[in-house]
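Here are some notes to read alongside the structure. Have it open while you go through them, and look up each residue as it comes.

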Amino acid sequence: MASTPEFIYNWHQYVKREPKKHGNDIKALMRLVERLLRSKVVYYDPTDVEAFIEFCSFMKHREGRWAGDSFELTIEQKYVIACVFGFKMYDQELQMEVRYFRELVLFVARKWGKSFFISAMALFLLMADGEPAAQVWCLATMKAQAGIVYDNAKSFLLTSDVLTPSEDPKRYWRTKRDKDNSELIFFKPTNSYLKAGSKNSNSQDGLNPHAYVIDECHAITQRNTYDVFSSAVGARTQPLGVIISTFGFIREGIFDSVLERCQKVLSGQSKERMFPMIFRIDDDDDPSDRSCWIKANPGMDEARPTMSYLEGEYQKALEDPAQMPSFLAKHLNRASGTSVIYFDLHEVNKCVDDMSLNMIQDLYAVGGVDLAETTDLCCATALVPFGGKLHVFQKYFIARQRLETNSKADKMAYESFCSTNATDPLNKELLHICEGSMVRKTDVTAWYRELAETYGVTFWKIGYDRWHGGDWADDMETSGFPKEDGDKGVTFPVAQGARSLSTPMKETRSLFKDGSIVFDRHNGLFRWCVTNTSGRIDVNNNVQPDKARSRGRIDGYVSFLMAYVAYLKVRDQFELYQP
């Protein structure tokens with residue numbers, strides 16, 4: 001080719017001029033495009049590129065600081081359009097010119113405006129691509145997410161005096177109801193439509209998509225939707241699939257496989273007709289280095305997003321480790337594990353004190369047990385709230401036949417906790433060794449019975465893991481701790497998921513930070529378990545204990561967390577009767 005097309009030239013010059021602002025994936029894509037420019041089979045045709053840019057000029061922004069302004073493409077958006085709509089090839093089988101790229105993958109951090117940009121592409125494919133009876137689908141794991149692209153497209157049309165003329169607003173398009181009663185945008189000149197769908201859309205009759213947009217593909221756990229739509233385009237002459245997303249936490253869906261395909265295309269291992277534009281920081285970049293953030297946020301120079309916004313999100317993540325994986329995934333596009341060590345040793349250490357019996361004798365309490373693995377370490381907790389603090393008393397249990405093996409595996413001298421230097425008897429005998437190869441749940445019951453009968457403790461509620469504590473709850477009931485029935489009863493099951501545990505876990509972290517928890521300085525097992533605990537975090541920033549990714553035993557913390565859940569059920573009673 002005699003000269004490089006304008007929009008491709010401008011972007012490549014920018015990458016070469018500012019190499020530190022661009023990640024390795026962007027540089028690899030530039031080399032791929034340069035190879036295509038030298039190809040004898042693929043050639044560049046500016047017709048559709050110019051048509052798309054003119055098409056965008058018909059529409060205006062409706063929200064934010066650009067409201068009322070015409071939609072003008074940025075340098076990186078013009079590059080995407082130039083490559084996706086500009087590169088053509090002659091299809092010998094169809095005997096016609098078609099687009100070279102059949103799939104666009106765009107991974108870019110939040111607040112760049114990808115849904116806005118892709119909405120314009122979806123409308124162009126609906127109205128200006130010359131495809132009769134085109135079906136253009138906006139897809140996501142949830143219909144509400146898919147509706148973002150659809151709603152943006154509809155808003156675009158409503159801003160356009162050309163596409164929605166005031167004297168005849170339904171001249172070119174109108175909304176109508178499909179047979180499943182969902183709304184679609186119907187384009188009359190070519191009998192085409194644009195529709196939002198979700199994971200159930202693959203059951204539509206007559207599915208024959210010309211184009212599909214998959215939004216936030218990182219959240220899609222089942223690849224069936226992608227497989228159905230990507231394979232259903234075979235009857236179209238030049239179909240286009242568009243995948244847009246930030247990075248995320250779910251690793252079982254299509255995201256990893258799409259990313260792997262992108263890497264093969266960028267490295268030259270695959271000749272798949274995919275255009276993979278991936279904005280992310282590189283593996284050797286330090287996330288605390290603000291200068292690398294633009295690699296994932298190419299619109300930062302135009303304040304999309306602003307540095308102050310990113311800085312604020314980063315400071316939140318520094319303050320709360322649970323938010324760091326989300327910051328890395330959503331704002332820097334770095335693949336992030338869902339677990340982080342959740343508690344700070346320094347903050348936990350501030351909560352130690354010399355405990356005494358007057359902190360539990362004849363008082364009201366709640367309890368919690370972790371009986372998940374009766375062959376390993378188990379823990380029971382009594383939580384005594386008064387004076388604005390939560391006082392933690394615990395008993396640990398281990399099977400004698402497992403004592404030596406577990407001590408070596410966990411690098412913990414468990415037997416030393418059978419007799420500590422604590423002055424009160426409860427913290428002096430922290431660990432009970434159960435005879436045999438398993439922890440006897442009756443021994444756990446016996447400890448609660450001892451607290452009630454010997455020390456006059458009245459338990460209002462005791463929580464347990466609903467998957468492992470059913471028979472133990474039966475034993476507790478025969479010992480005077482009835483199962484919960486409505487508001488009455490003591491023992492109750494606690495679901496071990498983010499929905500039940502996220503808020504309590506976040507609150508216990510704040511309580512450690514505020515020094516509102518008190519445990520005996522000789523209870524090293526509790527300190528160890530708490531600071532071992534990793535939090536598994538989902539995309540909505542919900543958190544729960546993650547035993548698999550924690551760096552050691554966390555039974556003491558889980559038991560305490562069950563007790564804290566119990567406390568939340570009756571907190572008002574403590575404020576009234578034991579302030």
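**Notes on charges, rings and confidence**

1. Side chains of opposite charge can pair when their charged atoms come close. The salt-bridge count for this model comes to 39.

2. Next, take Lys-21 and Asp-301. They form a salt bridge, and 3.4 Å separates the closest N and O atoms. This pair links distant parts of the chain, 280 residues apart: Lys-21 is in the loop between α1 (6–17) and α2 (24–37), while Asp-301 is in the loop between β11 (274–278) and α9 (307–319). Lys-21 has a relative accessibility of 23%, so it counts as partly exposed. Asp-301 is partly exposed too, because its relative accessible area is 48%.

3. The loop between β11 and α9 also holds Arg-304, whose partner Glu-76 sits in helix α4 (residues 75–86), 228 residues away in the chain. Here the closest N and O atoms of the salt bridge are 3.3 Å apart. Are these two residues buried or exposed? Both Glu-76 and Arg-304 are buried.

4. Now for the rings. There are 45 aromatic pairs in the count. One of them is Phe-107 with Phe-247: the ring centres are 5.8 Å apart and the planes meet at 80°, so this pair is edge-to-face. Phe-107 belongs to strand β4 (residues 103–107) and Phe-247 to the loop between β10 (240–245) and α8 (255–267), so the contact ties together parts 140 residues apart in sequence. Both of these Phe residues are buried.

5. Phe-247 has another aromatic partner to look at. With Phe-255 it makes an edge-to-face pair, 4.9 Å from centre to centre and with 75° between the planes. Why does Phe-247 count as buried? Its relative accessibility is 0%, and buried means under 20%. Phe-255 comes out at 1%, so it counts as buried too.

6. If you like aromatic groups, there is a cluster to trace by eye. Trp-11, Tyr-14, Tyr-44, Tyr-79, Phe-87, Tyr-100, Phe-101, Phe-275 and Phe-279 form one aromatic cluster.

7. The charged end of Arg-509 sits over the ring of Tyr-342, at 5.6 Å from the ring centre. Lys-569 lies over the face of Phe-492, with 4.7 Å to the centre of that ring.

8. Last, a word on confidence. The protein has an average pLDDT of 90, and 94% of its residues score at least 70. Which strand has the lowest confidence, and which has the highest? Strand β12 (residues 339–341) is lowest, with a mean of 75, and strand β20 (residues 517–520) is highest, at 98. Where pLDDT is low, the predicted coordinates should not be read in detail.

Notes. Residues are numbered from 1 along each chain as its sequence is written. Side-chain values use heavy atoms; hydrogens and water are left out. Rings of Phe, Tyr and Trp (its six-membered ring) pair if their centres lie within 6.5 Å; planes under 30 degrees apart count as stacked, over 60 as edge-to-face and the rest as tilted. Helices (H or I, at least four residues) and strands (E, at least two) are DSSP runs, numbered from the N terminus. Buried means under 20% relative accessible area, exposed over 50%, partly exposed in between (1.4 Å probe, protein chains only). A charge sits over a ring if NZ of Lys or CZ of Arg is within 6 Å of the ring centre and within 35 degrees of the ring normal. A salt bridge is a side-chain nitrogen of Lys or Arg within 4 Å of a carboxyl oxygen of Asp or Glu. pLDDT is the predictor's confidence in each residue, from 0 to 100.
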